Amino acid sequence: MPGSKVNLGNGKYRLYVNNGFRPDGKPNRATRTVEAKSDRAAEKLLEAFYAEFTAKPPQTSNKTIFRDFAEILFKKHEQYLGPNSQHGDMSMVNQRLVPYFGNMRLTKINEIHIAGFFEDLALNPVRLDKRQGQLSAGSMYNLFRVLRSMLNKAVEWGYISHNPCNSLPKDKRPKKKFEKPPILEDEELKVFLKELFGLRDNATNTKHQLFFYLSLLDGGRLGEHIGLCWHDVDFEKHVVHIRRGVYTDNNDGKTKAKSTKNGLSRVVYVDDRVLELFRKHKVYQEQWLSNNGLQNPEQYVFLKTRLKATEMPTRSMFWHWLDSFLKKHGLKHIGVHGFRRMAASYSLRNNVPLTDVKDMLGHKDIATTNIYLRSLEDSRRAGANNMSKVYTSMIGDEDK
């Protein structure tokens, strides 16, 4: 048996066991001090210790802390994620998990610590988006998902023997709630559009008019619109080519272009209003470039204008503008992605075939498109009235 014992006297023995090598190449060994009445009793304890030790996967280090493991993880594993998923996961780890678990040894983290982390978040929420109120169930669930995934890797790579997230009672685990985010109903959307196009004529307002009206018309993703180039706009054919998305580079924090979410390009059709906004925006942009002695070699449609350089805006820039605009005009909060849902819902309500909506959004199947659809209050009311007439006719008391 790969083990030994040393009699320390006074009925105490020190046990030594080993089992090959750890993933880092170092010997996989452990020691334990026990009390035994005889050598034979100590031998039995050594056998039990060896059986217990070899039943566990070899651990890389008993001293690795969470913060260090997070760095190892992103270098070794997260490179296989898409850039936006990687950026989102890293943000959650660095802004939420590391401040709480950062200096704890992986082997010391247990289900009590994890339950305490989520209880603290529920009682003392600090929202990263600066808004008031509790963290959403989706945010809590995503934190749990990322933490559990990290500790699964720690088990797989031999840093710990089991994942404490799996020991957390089910009633303590954050649950994913499938709540459909709201959209602007007819009257709310009328207010939004009236106020949007009532803004005074300047470069900033024209840029936002273009971005949000285009989003409402073609249902494009936030990153797909940020990634637009001027050669993607065909003024003669009234089409816009969606060819790329964007991501945030984790090294320099800059917005950079990538392929679309599903790797496919598509064509969307636009109206005269959008094309006129493109033209106005281009005039303002060229004037800004000239005034600052700058070039736009990639021909990006949207640029940061508070910098003395040509750089694509961050994904949060349009989000913050929208949030402020909705509050100012007493409208409920919806994210930029809400315009993608509205484009789908209003198109379907106005008799655009579901297959065309699917193609407009760039989905591979209709099941995904269905997730984006919302029923509109006016449509439901009209539907009820229409069905009332049908049933009344069937009953035969139309005159009552």
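Which residues of α6 are buried?

Before the answer, a word on what we are looking at. This is a predicted model, in which local features need pLDDT of at least 70, side-chain atom pairs count only at pLDDT 80 or more, and totals for chains, interfaces and linings use all residues. Residues are numbered from 1 along each chain as its sequence is written, and side-chain values use heavy atoms, with hydrogens and water left out.

The buried residues of α6 are D186, L189, F192 and L196, where buried means under 20% relative accessible area, exposed means over 50%, and partly exposed lies in between, with a 1.4 Å probe and protein chains only. Helices here are DSSP runs of H or I with at least four residues, strands are runs of E with at least two, and both are numbered from the N terminus. These four residues are on the same side of α6, because they cover an arc of only 120 degrees around the axis, the arc being that of the directions from the helix axis to the C-beta atoms. On the other side of α6, we find E187, K190 and K194 exposed.

F192 brings us to the cores. A nonpolar core is a set of buried Ala, Val, Leu, Ile, Met, Phe, Trp, Tyr and Cys residues joined through side-chain atoms within 4.5 Å. The largest one has 45 residues, and the members that touch the most others are F192, F211, F212, F278, F318, F339 and M342. At least two residues of this core come from each of α6 (186-196), α7 (203-218), α8, β5 (239-242), α9 (272-291), α10 (315-328) and α11 (337-349). Apart from it lies another core, of 32 residues, including M90, I109, L147 and L151. As background, nonpolar side chains tend to be buried together in soluble globular proteins.

Coming back to M342, and leaving aside its neighbours within four places in sequence, we see this residue in contact with I183, L184, L189, L216, I334 and S347, contact meaning heavy atoms within 4.5 Å.

Let me turn to the rings. Rings of Phe, Tyr and Trp (its six-membered ring) pair if their centres lie within 6.5 Å, and planes under 30 degrees apart count as stacked, over 60 as edge-to-face and the rest as tilted. By this rule there are 21 aromatic pairs. In one of them, the rings of Y100 and F117 have their centres 5.0 Å apart and their planes at 65 degrees, so this is an edge-to-face pair. Since Y100 lies in helix α3 and F117 in helix α4 (residues 111-123), the pair ties together parts that are 17 residues apart in sequence. F117 is buried at 3% relative accessible area, whereas Y100, at 32%, is partly exposed. F117 also forms a tilted pair with F101, at 5.3 Å centre to centre and 50 degrees between the planes, and F101 is buried at 0%.

Elsewhere, one aromatic cluster is formed by F192, F211, F212, F302, F318, W321, F325 and F339.

Which residue has its charged end over the ring of F197? That is R273, 4.8 Å from the ring centre, and R273 also lies over the face of Y213, at 5.8 Å from the ring centre. A charge sits over a ring if NZ of Lys or CZ of Arg is within 6 Å of the ring centre and within 35 degrees of the ring normal.

Two members of the aromatic cluster, F211 and F302, lead us to H225, which lies in helix α8 (residues 222-226) and is buried, with a relative accessible area of 0%. Neighbours within four places in sequence aside, H225 is in contact with F211, L214, S215, D218, G220, I242 and F302.

Finally, the sheet and its loop. An open sheet of 3 strands runs in the order β4-β5-β8 with antiparallel pairing, where two strands pair if DSSP finds at least two bridges between them. Its edge strands are β4 (233-234) and β8 (266-269), each pairing on one side only. Between β4 and β5 there are 2 bridges, and D234 stands opposite V239 in β5. In the loop between these two strands we find H238, a residue other than glycine whose phi is positive, near 60 degrees; H238 is partly exposed, at 28%.
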